[in-house]
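Trainee: I would like to learn how to read a structure like this one. Can we go through it feature by feature?

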Amino acid sequence: MDDLTNFGGTAEERDIRNHFHAYTNARRHMDVGPMIIEEGSGIHVTDNSGRRYIEGMAGLWSVGVGFQERRLIEAATRQMEKLPFYHNFGHKSHGPAIDFAERLIDIAPVPMSKVFFTNSGSEANDTVLKMVWYRSNALGQPDKKKVIARIRGYHGVTIASASLTGLPYNHRSFDLPLDRVLHIGSPHYWREGRPGETEEEFATRCAEELETLILREGPETIAAFWAEPVMGAGGVIVPPTGYFDKIQAVLAKYDILFVADEVICGFGRTGEMFGSTTYGIRPDVMVLSKQITSSYVPFSAIMMNDRFFGPIAEESDRIGTFGHGFTAGGHPVGAAVALENLAIIEERDLVANAREVGAHFRARLEGLKSSPLVGEVRGVGLIAAIELVEDKATKSVATPGRLGTMMNAALLRNGLISRSMTDAAAFCPPLIITRAQADEMFEIVAKSLAELE
Ligand code: PLP
C-alpha cells in the first residue's frame, strides 16, 4: 500500500515530493528542501522548528501592516459572512469595490478617473498592456503598439508582464520577451555611470537613450513607457537625480503614456503614499498590488486618468463590450481588506514611519561603507540594499551572486530574512517597524557582514 500511496514523512519530505516552488532551482530543491514558515506576528515569522526571524522583506515586499493584524482578519471575516463573493462583470457591483475605488481616486497623486480591479501585479500589468493596445486601436493608431520598459525592471511573470520585466531569468527558455516590448538601460548610477559623469549627467544620458530608441523605432509606433519608481526585484535601484523629469519630457514630446508600476512602492514604501509623489512622476496609469491588502489576500488595481480611459470607453461602446475581466477581480473580501489596510496606514501614519525609521535605518547602513565588502548603500523610505563587491575600486566580483548568497545565509543564521539579488542584499521590512526593531535589524546586518569579511 505504501508504495502505491507514497504518503507520509516529514513536512520537508512531503514538500519535496509534491510541491513545485516558484522561483527555485526545481532540481536542487530536492536536496536543499524547504524552509517552512508556520506563523507570523508583527514584523516576525516563526519556522516549524520554533525559530523566530525578523521578516526583513515583509514577505515579498508586501506585508505592510505586519503579520496577524486583527483588524484585517476581522474585516475579511465580516465580509466573508456578509457576501463572500461577487463580481463586477456587466453592470454588477458591490459595496467594497465601490468604496475602495473611490478611496483610491481620492488618494491618487495626480487626478485619476477610473479604477479597474485585478488579482496580482502580473495580471494588472498584463491588463494594462492589453488596454494600451485597445486604446491605440480606438484612436485609429493601429501601429502605435510598442512599449518601452527597462533592463532590471520587474513587472511580473505572465506573458506580457514577463516581457516587460527586464531580467534574463524571466525570458530565458520562455521564448520571451514579446517583440513589441523594448528595453532601455537601468538607471543605476553607481553601476552604469561613466567615470567623471555626475548623477544628473547620467540621468540626461538615460533620457537620451530613451529618445534615441523612440526615434529609431518611429515615435508613431511607441504607445507607452513602463517604470517602477524604485526598481525592487531588479536590485532596489533608486533613480538618479532628475531622472524622471527628463524621461517625462521625452515622453511628452512624442505623446507616449507613462505607466507607473507601484506594486512595491505604493502605500507608503518610499516614505510617501506613492513612489510617483516621491519622484514627481505624473503617470497616466498606476499599477497597485502587494501592500494594497498587505498581501493578506490577493488583490490588485489599475488606476487610470481620463486620457487613458476615454478612448477605451469609446472602443467598448463601438464593439459592444470591453471583453476583459477576471472572475475574482475586485473580490469583495480583497476590497474590504484593502479598505481596512488603508485605514490602518492612515490612522497610524505608517507613511511617516516609513520615512523616519527608514531614514534612521539607512543612515546606519551608510556606516557599513567602511567595510571592504560594501560597494554601495542605496534606498529611500523603508526600502534599501547594500551592494557587496570583492574589489571596491573596480566594483567587481569574481563570481556574481556568490557574496549575495553568502550574505543571505549569514543573515538567516543570525535571525533576519533578507533577499539577495545577485550581490545586493535587500531590506524591505513591514511599515510598522519601530526604531528599536530597525536597530536590531541593523545589528544583524553588521554582524553578518563581519562574518563575511
Ligand atoms: N510589479 C512589481 C514592481 C513587482 O515587484 C511585482 C512582484 O514582485 C509584480 C509587478 C508582479 O506581481 P505578482 O507577483 O503579484 O504577479
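Mentor: We will take helix packing, then sheets, then the ligand shell, then the backbone. This is a predicted model: local features need pLDDT of at least 70, side-chain atom pairs count only at pLDDT 80 or more, and totals for chains, interfaces and linings use all residues. Residues are numbered from 1 along each chain as its sequence is written.

Trainee: What counts as a helix or a strand here?

Mentor: Both are DSSP runs, numbered from the N terminus: helices are H or I with at least four residues, strands are E with at least two.

Trainee: At what angle do α15 and α17 pack?

Mentor: First the general idea. Axes are lines fitted to C-alpha atoms, for helices over the stretch in contact, and angles run from 0 to 180 degrees between N-to-C directions. Now the case. Helix α15 (residues 350–366) packs on helix α17 (residues 435–452) at about 25°, with the axes 10 Å apart. That makes the two roughly parallel. The cut-offs are these: under 35 degrees is roughly parallel, over 145 roughly antiparallel, 65 to 115 roughly perpendicular, and the rest oblique.

Trainee: Is the crossing of α15 and α17 left-handed or right-handed?

Mentor: A crossing is left-handed if the near helix is turned anticlockwise from the far one by less than a right angle, and right-handed if clockwise. The crossing of α15 and α17 is right-handed.

Trainee: Which residues of α15 and α17 meet?

Mentor: Contact is scored on C-beta atoms placed from the backbone, which must lie within 7 Å. From α15 come Val357, His360, Phe361, Arg364 and Leu365; from α17 come Arg435, Ala438, Met441 and Phe442. By class, this contact holds six nonpolar, one polar and two charged residues. Ala, Val, Leu, Ile, Met, Phe, Trp, Tyr, Cys and Pro count as nonpolar; Asp, Glu, Lys and Arg count as charged; the others, Gly among them, count as polar.

Trainee: How do α16 and α17 pack?

Mentor: Helix α16 (residues 402–413) meets α17 at an angle of about 130°, with the axes 9 Å apart. The pair is therefore oblique. Met406, Met407, Ala410 and Leu411 of α16 touch Ile444, Val445, Ser448, Glu451 and Leu452 of α17. That contact has seven nonpolar, one polar and one charged residues.

Trainee: And where do the axes of α5 and α14 cross?

Mentor: The axes of helix α5 (residues 70–82) and helix α14 (residues 332–347) come within 8 Å and cross at roughly 150°. These two are therefore roughly antiparallel. Their crossing is right-handed. The contact has nine nonpolar, two polar and three charged residues.

Trainee: On to sheets. What makes two strands a pair?

Mentor: DSSP must find at least two bridges between them. Strand β3 (residues 52–55) runs parallel to β13, joined by two bridges. Glu55 stands opposite Ile417 in β13.

Trainee: In what order do the strands of the antiparallel sheet run?

Mentor: Its four strands go β11-β12-β15-β14, and this sheet is also open. The twist averages 25° from one strand to the next. β14 and strand β15 (residues 424–427) pair over three bridges. Ser420 stands opposite Ala425 in β15.

Trainee: Which residues come nearest the ligand?

Mentor: A residue is near a molecule or strand if its C-beta atom, placed from the backbone, lies within 6 Å of it. Of the 15 residues around the ligand, Ser120, Gly121, Ser122, Gly156 and Val263 come nearest. Helix α7 (residues 121–138) gives the largest share of the shell, three residues. By class, the shell has five nonpolar, eight polar and two charged residues.

Trainee: Last, the backbone. Which peptide bond is cis?

Mentor: Most residues other than glycine have a negative phi, and most peptide bonds are trans. Here the bond from Leu176 to Pro177 is cis, with omega near 5°. Pro177 sits in the loop between α8 (159–164) and β6 (181–184). Trp61 is not a glycine, yet has a positive phi of about 60°. Trp61 lies in helix α4 (residues 58–62).

Key: Two residues are in contact if their C-beta atoms, placed from the backbone, lie within 7 Å.
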